[in-house]
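Here is a protein model to read piece by piece.

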Amino acid sequence: QKFVPISNYDDYQPFIDEIAKGKPSVLTNSRVTNLVPTSGTSGFNKFIPYTSETTTEFNYALNVWMHSLYKEFPKLSKGKAFWLISPAGKKPHFVSVIPVGFKSDDSYFGKIGRLLISKVMVLPSEIQSISDANSNLYLSCLYLLNCSDLNLISVWNPTYLGGLLKFIVTNKTMLVNSIRTGTVTYPIDDEGNGNHNFSILKDEKRAKQIESLIVVGNIENTSWEKVWPNLQLISCWTDAWAAGAIPRLQRLFKNTTIQGKGLLATEGVVSIPVMGYYLPAYFSHFIEFVDTENQQIKLLSELEIGKTYEIIITTGSGLYRYNLNDLVKVTSYYNKLPSLKFLGKSNNVSDLVGEKLSEIVVSTVLNKVKTENNLHCEVIFLSPCTVDNQSFYTLYTDNKSISSKISKEIDKELNQVFYY
């Protein structure tokens, strides 16, 4: 702490460029095996170096989570699981002699983890190579629907699961016919050639069952828990902006447990879900906490319930006192470890005319207004706008029946922010 300053990605960019050219021992003496892309807060891509130490650190956290998961939900071992770790999309262009990204999502897990997951995975690992979003959606929904003994769905954002369900009710006929005939009919590469060898087993009984349960164009009236009667758990983000999508998910899956992910970033693991708590992954990385009230650096043993902290991590990737710009709040303690609730990004601030609206404030206000007015919407956000030198915020939502009364309530809540 005395000799190493707090850093951000911009500090590492020139070193990562050197790593990409093949130069060894730049940030660490360990060999960099992959440069893993992620989005930057500024909108540009970041490329995080991964070493064998990085993989080991992730494994420490993921193994504890998996052990806790199967201990708390023992029936998970008796069925299949839909795991989505990396979103579909083209890999960002980055000239590098080091491989960019992973060939398969299971690369985040160790050998034992990969072996266990391979036995229960619904999706074939080759789906990772499909960059076209619609083709990826079709394949994901096809394998998802064809699985009658599904008991775990693991995605990042709950809205992605909502997108899968929407694709299913919109394309019911095509998906049912694919299962009935055992054929993959969608063009599944960028040129529409369909040259990947994906296949499913012909299952007329499953096709007939799905056909009777899915209501075309209507997610709410489809009996999803009958489509997957053994579904035990949905694992996804539940905090910050993702919190707004959880009530709808709970309505659609009334008898299924929804578990939050904790705070996992491409750069490292901060917290994992264990028995209803979100415990720090102190066995993976060295984690420091910046008290947002006085900017003092705290260690794990010094955290206080009710306080908010910004996360600083040091990892085996060669990231030293790296500022994740993530804010967490200590909500409780479990076995002398603090439970950390993710609040949002510390550096996401809109400032058109000096109002300084943070992501956390806007998220809190929108979720409050939604709850108080029993609003059913999966998408809701504010967009800063300036037209003819007049600055304002526009409310966007997928709820077509929303009234001007809601806008006024949001504006009233935001007026409690001093500069707003």
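Predicted model: local features only at pLDDT ≥ 70, side-chain atom pairs only at ≥ 80, totals over all residues.

Residues are numbered from 1 along each chain as its sequence is written, and side-chain values use heavy atoms, with hydrogens and water left out.

Q: Which residue of β5 stands opposite Ser154?
A: Strand β4 covers residues 150-154 and strand β5 covers residues 233-236. They pair in the parallel sense over 3 bridges. Opposite Ser154 stands Ser235.

Q: Why is one side of β10 and of β13 left without a neighbour in the sheet?
A: This open sheet of 5 strands has antiparallel pairing and the order β10-β9-β11-β12-β13. β10 (297-298) and β13 (337-345) stand at the edges, so each has a single partner strand.

Q: Which residue of β12 stands opposite Thr308?
A: Strand β11 (residues 308-314) pairs with strand β12 (residues 322-334). The pairing is antiparallel, over 5 bridges. Opposite Thr308 stands Lys329.

Q: Are α6 and α7 roughly parallel or roughly antiparallel?
A: Axes are lines fitted to C-alpha atoms, for helices over the stretch in contact, and angles run from 0 to 180 degrees between N-to-C directions. Helix α6 (residues 172-181) packs on helix α7 (residues 204-213) at about 160°, with axes 7 Å apart. Angles under 35 degrees count as roughly parallel, over 145 as roughly antiparallel, 65 to 115 as roughly perpendicular and the rest as oblique. That makes α6 and α7 roughly antiparallel.

Q: In which crossing does α10 pass α11, left-handed or right-handed?
A: Helix α10 (residues 359-372) and helix α11 (residues 404-414) pack at about 135°, with their axes 10 Å apart. The two are therefore oblique to each other. A crossing is left-handed if the near helix is turned anticlockwise from the far one by less than a right angle, and right-handed if clockwise. The crossing of α10 and α11 is right-handed.

Q: What volume does the largest cavity have?
A: On a 1 Å grid over the protein atoms alone, a cavity is a set of points where a 1.4 Å probe fits but cannot get out, and a pocket is an open set with protein on both sides within 12 Å along at least five of seven lines; lining residues have an atom within 4 Å of a point. Grid points are joined across faces, edges and corners, and a volume is the space filled by probe spheres set on the points. The search finds 1 cavity of 30 Å³ or more. The volume of the largest cavity is about 50 Å³.

Q: Which helix gives the most to the lining of the second largest pocket?
A: This pocket holds about 300 Å³ of space. Its lining includes Thr159, Lys166 and Asp398. With 4 residues, the helix that gives the most is α5 (residues 158-170).

Key. Pairing = 2+ DSSP bridges.
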